[in-house]
Amino acid sequence: MKAANRIFSRQHGWRSWRRWVPPLLALAADALAAGLARAQDPGFTLNPAGPPAHAISNLFNIVLLMSLAVLLLVWGLLAYCIWRFRARPGAAIPRQVQGNMRLEIGWTLAPVVVLAVLAVLELPTIFGAAAAQPNALTVVATGNRFWWGFEYPDQGVVTANELHIPVGVPVRVQLRSADVIHALWIPRLNGKTDMVPGQTNEMWLQASTPDVYVGQCSELCGIQHAGMLLRVIAEPQDQFNAWLAREAAPAAAPTSDPARQGQQVFQTNACGDCHTVKGTAAAGTAGPDLTHVASRQTLASGVIPNTPEQLRRWLDNPQVVKPGAFMPTFRLSDTDLAALTAYLDELR
Amino acid sequence: MATAEREYISPVPRASSPGWLLTWMTTVDHKQIGIMYLITGLVFFAIGGLEALLIRLQLATSGATVLAPDVYNELVTVHGMTMLFWVGMPILFGFANYLVPLMIGAHDMAFPRLNAMSYWLLLFSGLLLYFSFLAGAAPDIGWYGYAPLTLAPYTGAGRTEFWLLALAVSAIGTIATGVNITATVLTQRAPGMTLGRVPMFAWMSVIASLLFIWAVPPFTAAAAMVYIDRTLGAHFYDAAAGGDPIIYQHLFWAFGHPEVYVLALPAFGIISEVIPVFSRKPLFGAPFVAAASIGIAGLSMMVWAHHMFTVGLGPLANTFFGVMSMLIAIPTGIKIFNWLATMWGGALRFTTAMLFCLGFLGTFVIGGITGVHVAVVPMDWQISDSYYLVAHFHYTLFGGVMMAIFAGVYYWFPKITGRFLDERLGKWHFWLTLIGFHLTFFSQHVLGMLGMPRRIYTYPPYAGWPEWNLASTIGAAILGVAMVIFVWNILVSLRHGAVAGPDPWDGFTLEWATSSPPPPENFAAPLPPVRSRRPLWDAKYPELADWRADHA
Amino acid sequence: MPDWRRADTNLVGVGIFITSEAVFFIALIIVYVVYHGRATSGPSPREVLDVPYAAVITVLLLASSFTITRAGARLGRDDRRGALLWLFATIALGAAFLLGQGNEYRHLVAENVTPARNLFGTTFYTLTGFHGLHVLVGLVALLIAAGVGVKGRLTARGHGGFEAVALYWHFVDGVWVVVFSVIYLWTLL
């Protein structure tokens with residue numbers, strides 16, 4: 001009690017370290033709360049937005065509470081020992097206790113019980129993750145260095161880097177890789193699962209509210225592992241259907257002169273060797289599908305916002321935007337650059 | 001005192017005596033080899049620490065350009081490799097080298113020349129790793145180098161080779177040391193010292209040695225397979241040819257997981273030596289602590305796939321490995337409670353060594369708790385490959401192992417050099433380490449929960465990410481200052497530290513039954529009789545001797 | 001519990017080391033077994049392996065285990081000349097095994113069975129190659145022992161060191177029994 005009084009008493013002057021405690025705590029709380037608040041942030045794993053993420057988050061909450069109890073117990077014992085058993089000058093040598101069988105049994109069995117509880121608690125979530133869901137939408141996600149390919153096999157739609165899903169519908173994501181091991185992680189929608197070349201893994205995504213959920217690759221895949229961002233746009237079923245229909249359609253034909261010139265630039269520079277533009281001769285798969293690239297929110301797999309200026313900057317020199325990306329630098333003239341930008345900007 | 005000192009091998013390389021370099025380069029004395037290991041480990045610690053500071057500088061703000069992405073991946077890879085294999089291992093096995101023969105009353109290790117070879121292999125492998133920077137081919141594939149990233153065409157010529165050669169060469173040296181330590185404790189014990197009376201640090205060093213020599217072969221196999229795939233165009237990890245990248249992960253983690261216990265067990269051994277002495281009581285439940293170490297070692301070989309919960313092994317495999325992993329908390333908890341019980345009812349002396357033990361207890365328990373978190377499979381699906389995991393392993397490896405190492409340094413420095421480290425500087429070192437450590441790494445738990453993956457050279461300004469990253473970087477800077485103080489303490493104390501006698505701490509075990517530093521043959525006078533785990537205590541306090549209380 | 005303090009340190013050291021090497025071979029064997037039959041192209045082991053030939057060189061290697069035991073027994077009785085002769089026999093048999101294996105490799109490579117050809121080639125050469133490497137190291141140790149013996153310094157007193165080398169040699173032979181069964185005998189199933 002005396003100790004507590006001394007710590008929290010206001011008698012300390014301005015030099016006391018204690019005056020920093022409240023603002024530091026507030027800062028910490030603010031930063032934490034900030035993580036909870038904003039949309040379009042990966043968000044707090046304790047801020048789940050769908051059933052799979054909720055299941056994990058509930059488990060987390062229970063485990064964190066149990067952990068706090070254990071931590072306080074150990075810290076409490078430690079603090080007590082430090083305070084109570086300090087060597088006093090001239091005191092006798094303490095009793096040389098070798099051990100105590102009952103204590104050993106006790107502190108062996110107690111953790112067993114706690115862990116058994118945890119083991120039982122986690123089983124439904126482990127096995128539930130593998131269970132099939134009725135009325136699921138299937139998406140095939142392929143990891144590439146350093147972008148995401150998405151395909152809706154039942155609807156014949158191929159897109160890249162941004163995944164649209166209908167709200168409230170379980171989405172079965174089949175995960176593949178075109179090169180090395182990647183991992184798909186959207187923290188607010190579920191834990192991560194790896195994309196391994198030569199096998200197909202499965203994971204579930206389901207969003208309960210319309211929003212933009214961001215995440216990124218979570219398995220080191222090379223120089224631009226950090227630049228392999230992704231977003232999942234959850235929207236009401238009718239908006240999702242409309243989006244899917246637009247994606248299924250072939251590319252819009254260029255409507256302006258610069259755009260027509262841009263299509264020429266596209267063909268001259270053999271962009272179609274790497275990129276697909278549905279309805280044209282361009283059918284490459286080494287790079288993202290560009291059929292509706294202008295309708296995306298971001299470019300270069302989430303690294304830059306999708307505006308004409310940023311698009312031009314990317315086309316001019318990808319290495320400045322995303323050093324190490326595999327898109328070659330074409331050193332286009334200013335006119336070609338403007339034309340190509342105009343063409344791609346019309347591919348909605 | 002001065003005359004007697006001149007007869008002994010100077011523990012520290014002294015440029016004043018003629019032929020000193022050749023003496024050290026050709027020595028087979030376990031004490032000198034141990035010192036070389038410790039110095040080497042500390043130098044690499046400084047290098048690894050600088051790498052960490054650069055990494056934290058790059059991550060302090062969103063979109064920083066302090067480090068290019070390729071350089072960043074190199075630093076992250078080499079930082080991890082350095083800390084594990086050229087800091088943790090050499091320091092702990094260096095302590096074992098120095099102390100184990102002394103603790104068991106022997107004159108040297110069982111194989112002194114093999115011992116020397118081990119050290120020079122370790123040094124050479126470290127130089128090989130850092131030479132890769134000069135060759136423009138530093139490894140950038142992460143310290144555990146997953147296939148197929150390590151294969152052509154994804155990683156260019158040289159990087160993967162430097163990675164696996166440096167590790168393989170260092171592993172050969174460590175296997176030899178492991179054999180040496182085990183053979184030494186088995187065959188060189190003083191009369192009366194049964195295996196049950198071997199001091200805890202020596203015991204843990206043996207278990208760690210056996211664990212290492214049985215765990216490293218799968219890694220050697222996996223790395224050889226990577227090399228064969230790259231060099232001979234083979235197909236071990238080639239899915240198209242029927243191979244499987246996941247088999248690399250099974251083999252690697254069959255080594256990688258036991259490896260962290262190879263580091264943790266000797267660290268636990270240090271704690272088990274220092275806490276009792278500064279509590280003036282024997283280690284509580286010593287047989288249980290010893291048995292728990294065997295339990296940890298055994299379990300550690302059955303849990304490897306908890307590093308693979310996101311790989312798609314299926315719910316049955318995931319459940320098995322998850323439950324097995326949680327079991328390791330039990331023997332670890334047993335140790336923590338026994339250490340607390342050792343302090344309970346004791347007469348605690350808060351020397352710097354003891355402070356680091358207390359810091360260890362308070363910090364490692366957090367690492368152990370988050371270890372249980374990652375053992376819970378669905379939680380690991382969120383935590384794995386995020387900063388929460390980075391926080392977990394730094395809490396156990398730095399907050400745990402490194403703090404134990406600091407405790408060991410302050411405790412045994414007088415024995416090795418004949419001088420004390422300065423206690424005042426030591427306390428600055430301790431408090432700055434404690435504060436700096438928690439600021440650096442507790443913040444990373446939050447970052448992990450906020451969705452930040454690991455191994456990214458930069459990040460968008462998502463809410464909370466820049467703030468907590470900055471906090472972590474500030475903590476790292478504080479840690480840097482703490483380490484400078486530590487190195488300064490060592491340098492100053494070597495010259496001006498207070499002179500220490502043979503038994504400055506009123507110790508329990510045989511290393512304190514000889515001069516500081518010990519003579520070349522370790523013991524000039526006859527050993528006290530060994531009738532318990534604490535032969536020196538028994539000799540000094542016969543009425544309170546352990547053998548009076550022993551039932552076992 | 002053996003009285004460790006009276007044990008020969010060389011024997012203890014090599015014995016401990018062998019347990020480590022055993023795990024190494026277990027890992028490689030597991031990989032071979034897991035990958036068996038999973039090659040997506042190229043020849044299967046049944047199509048290209050000559051089991052009778054391999055059985056012959058196996059007999060040679062096992063015979064060398066017998067001869068080194070004889071050498072150890074002679075050395076124990078301080079029959080230095082006898083020990084040296086049995087040692088030479090061991091070296092000859094071990095070398096014959098290696099040459100035989102090299103010959104087998106030559107034939108296989110001529111038929112385009114290489115590590116790069118398919119998954120079988122990859123695992124076959126790796127497992128047998130690492131074993132062969134261990135035989136080579138053992139041969140070097142045996143040659144050093146023979147050199148010591150020729151100088152007249154191989155005595156009953158240094159018996160422990162010789163026994164350590166013999167233990168390693170037996171281990172290498174034991175590994176081959178497993179490798180031979182897994183690779184060659186399996187093709188007969």
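**Entry 1: chain C**

I began with chain C and read its pattern along the sequence as α-α-α-α-α-α. For the record, helices (H or I, at least four residues) and strands (E, at least two) are DSSP runs, numbered from the N terminus. Before going on, I noted that this is a predicted model, where local features need pLDDT of at least 70, side-chain atom pairs count only at pLDDT 80 or more, and totals for chains, interfaces and linings use all residues. Residues are numbered from 1 along each chain as its sequence is written, while chains are lettered from A and ligands numbered from 1 in the order in which they are written.

I then boxed the C-alpha atoms of chain C along the principal axes and got roughly 55 × 35 × 25 Å. Of its 189 residues, 39% count as buried. Buried means that 20 or more other C-beta atoms lie within 10 Å of the residue's own; 12 or fewer makes it exposed, anything in between partly exposed, and the C-beta atoms are placed from the backbone.

**Entry 2: where C meets B**

How many residues of chain C are in contact with chain B? I found 26, against 28 residues of chain B. Contact here means C-beta atoms, placed from the backbone, within 7 Å. On the chain C side, helix 1 (9-35) and helix 5 (119-150) are the elements that give two or more residues. Helix 1 of chain C has the largest share, 14 residues. Sorted by class, this side has 16 nonpolar, eight polar and two charged residues. My classes: Ala, Val, Leu, Ile, Met, Phe, Trp, Tyr, Cys and Pro are nonpolar, Asp, Glu, Lys and Arg are charged, and the others, Gly among them, are polar.

**Entry 3: where A meets B**

Next I looked up chains A and B, and 80 residues of chain A are in contact with 75 of chain B. Helix 4 of chain A gives the most to the chain A side, with 15 residues. By class I noted 49 nonpolar, 21 polar and 10 charged residues on that side.

**Entry 4: helix 3 of chain A**

I checked the length of this helix. The expected span is 1.5 Å times one less than the number of residues. Helix 3 of chain A has 34 residues and should span 50 Å; its end C-alpha atoms are 49 Å apart, which agrees. Its buried residues include A:Pro52, A:Phe60, A:Val74 and A:Cys81. What do the buried residues of helix 3 of chain A pack against? In chain A I found helix 4 and strand 8 (201-205), and in chain B helix 11 (329-343), helix 12 (352-375) and helix 13 (377-383).

**Entry 5: the core and the domains**

The largest nonpolar core has 330 residues, and B:Ile271, B:Val274, B:Cys357 and B:Ala407 touch the most other members. Such a core is a set of buried Ala, Val, Leu, Ile, Met, Phe, Trp, Tyr and Cys residues joined through C-beta atoms within 7 Å. Helix 7 (residues 200-232) of chain B supplies the largest share of this core, 22 residues. Domain 1 (137-248) and domain 2 (257-345) of chain A both give residues to this core, so it lies between them. The domain bounds come from an automatic or database domain assignment.

I placed the C-alpha centres of these two domains of chain A 22 Å apart. Their contact takes 19 residues from domain 1 of chain A and 15 from domain 2.

Terms used. Contact = placed C-beta atoms within 7 Å.
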